[in-house]
Amino acid sequence: MKTSADIVIIGGGISGCSIAYNLAKKGVKNIIVLEKSYICSGSTGRCGAGVRMQWGTDMNCKIAKKSIEFYEHANEILEYDRDVDFKQSGYLLIADTDKEIEQFKKNIKIQHKYGIPSRMLNLDEAREIVPYLNTSILKGAAYCEKDGFLNPFHTTDAFYKAAKKLGVEFNTFTEVTNIIVKSDKVVGVVTNNGNIATNCVVNATNGWSKEISEMVGIDIPVYSERHQILATEPVEPMQGPMVMSFGLNLYVQQSPEGSFIMGRGDSNEPRDLRMTSSWEFIEEMAKTIDLILPPISKLRVVRQWAGLYNMTPDKQPIYEKSKDVEGFYMAVGFSGHGFMFGPITGIVMSEMILDEEPTIDVSMLNLNRFKTGNLLLEPSVV
Amino acid sequence: MDENTIICRCSDVTLKEVRNLISEGYITFEEIKRITRIGMGPCQGKTCGQLVMREIALATGKNIKDVKFQTNRPPVVGVKLGLIAEEGRKDED
């Protein structure tokens, strides 16, 4: 491990790898990425593998649209020797209350401003897309055919390899234990494998972002919430889009290799960093699937796991150049959507660090919004 | 053993693919799993686990007992979602 770096990025998930790649592409030398376990071992590697543009805020729509446009060409842009498995098989958002239908209509108006091809569907149209959907308790649906599936492991690997090729040093199984600040400036990072002198540190640790920010004395208003997922045995293709419901707390899609992946959160969970599985989750999930998509309940569960959502008060990320500690940056608080926002996170953070004109103006997503109460609440999150 | 031997029957992964990954620097079971889907199938690594760990041990010079296997995930065997739902509903009554 080198003992000094121009930029140290903490976190080897999609955000850290994408930030490293974008900085290296712009010619920055001497970048180090630190990961306490292996690449993609944290939130990214535990996500539900979905990418969507159907959001309820201007900012999330803009970020998601640009990210999806990137993912459409990710294999070529990153010169990846495998496949990121991007499949635009759509997202069908189902609503079981009139209130939710109204929210979908509002969201679609915002989405259309940015050219996102989403539309409202009645129940017959929804059944045409997913024929075995039990619509008896539903009111309607929203659909966007350009949303879809993306392999989180391969995508992170693609950014990792591309960054490595450009000279970025990755240190796995290297845990940051402290960040040294002198006269309100970052001067170094302490790890279990030695120290690195640096004037620039990026916190891209998502689930662990609060703990890392505390090392420089910054308290960020985020907390990590355990979200669980299960996967079934693989079967022949039978469901095109992701079926998602905010009201019923569910998302379920069939991955390209045939297994169904489904997950949900539980806001009553303790706010700790546990990533263990619970039987309550599998039971509640099974009951909801049995009700909404009955044929899927004939499939066997082969494994379940958990990951962390790093929640902010308005469920939108924090992209921040610290005003209190010079040289400290944050790309955290993705509230469950860090994977799909990955390409843009890399672009906007590299621009912020290099003082360049931003591709998307994300200044509204600064930390100060929580102090001023200028929140941009995202209504559509599972 | 022939390099084209499939050592993960759930996800059709050959010995050659595993060896290539190890030589590229993916030297933990979890990393190899994330790229190839080894250990994610219905057998949950019961067949391929030892084989992959042996390859890692051979390539890195480690003793196989020091090579870490993946996290074991519940359920132990495949269970139909419908059965879990049925049992779950009984608790509600």
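1. A polar contact, as the term is used here, is a pair of N or O atoms within 3.5 Å; within protein, one of them must be able to donate a hydrogen and the other to accept it. In this predicted model, 17 residue pairs are in polar contact across the interface of chain A and chain B, both residues being at pLDDT 80 or more.

2. On the side of chain A that touches chain B, the elements giving two or more residues are helix H6 (152-165), strand E13 (223-232), helix H8 (279-292) and strand E17 (300-311) of chain A. The residues of that side comprise 17 nonpolar, seven polar and 11 charged.

3. Charged pairs also span the interface of chain A and chain B, where the rule finds five salt bridges. Arg82(A) and Glu24(B) form a salt bridge, with 3.4 Å between the closest N and O atoms.

4. Strand E17(A) pairs with strand E3 (residues 79-80) of chain B in the antiparallel sense, over two bridges. Within this pairing, Val79(B) in E3(B) has Val301(A) opposite.

5. As to extent, 28 residues of chain B are in contact with 35 residues of chain A. About 2800 Å² is buried between chain A and chain B, and carbon and sulfur atoms give 57% of this area. In chain A, the residues that lose the most area to chain B are Tyr38(A), Phe153(A) and Arg303(A), which together account for 21% of what that side buries.

Definitions and conventions
Residues are numbered from 1 along each chain as its sequence is written. Chains are lettered from A and ligands numbered from 1 in the order in which they are written. This is a predicted model: local features need pLDDT of at least 70, side-chain atom pairs count only at pLDDT 80 or more; totals for chains, interfaces and linings use all residues. Side-chain values use heavy atoms; hydrogens and water are left out. Contact means heavy atoms within 4.5 Å. Buried area is the accessible area (1.4 Å probe) that two parts lose on being put together, summed over both. A salt bridge is a side-chain nitrogen of Lys or Arg within 4 Å of a carboxyl oxygen of Asp or Glu. A polar contact is a pair of N or O atoms within 3.5 Å; within protein, one must be able to donate a hydrogen and the other to accept it, and residues adjacent in sequence count only if both atoms are side-chain atoms. Helices (H or I, at least four residues) and strands (E, at least two) are DSSP runs, numbered from the N terminus. Ala, Val, Leu, Ile, Met, Phe, Trp, Tyr, Cys and Pro count as nonpolar, Asp, Glu, Lys and Arg as charged, and the others, Gly among them, as polar. Two strands pair if DSSP finds at least two bridges between them.
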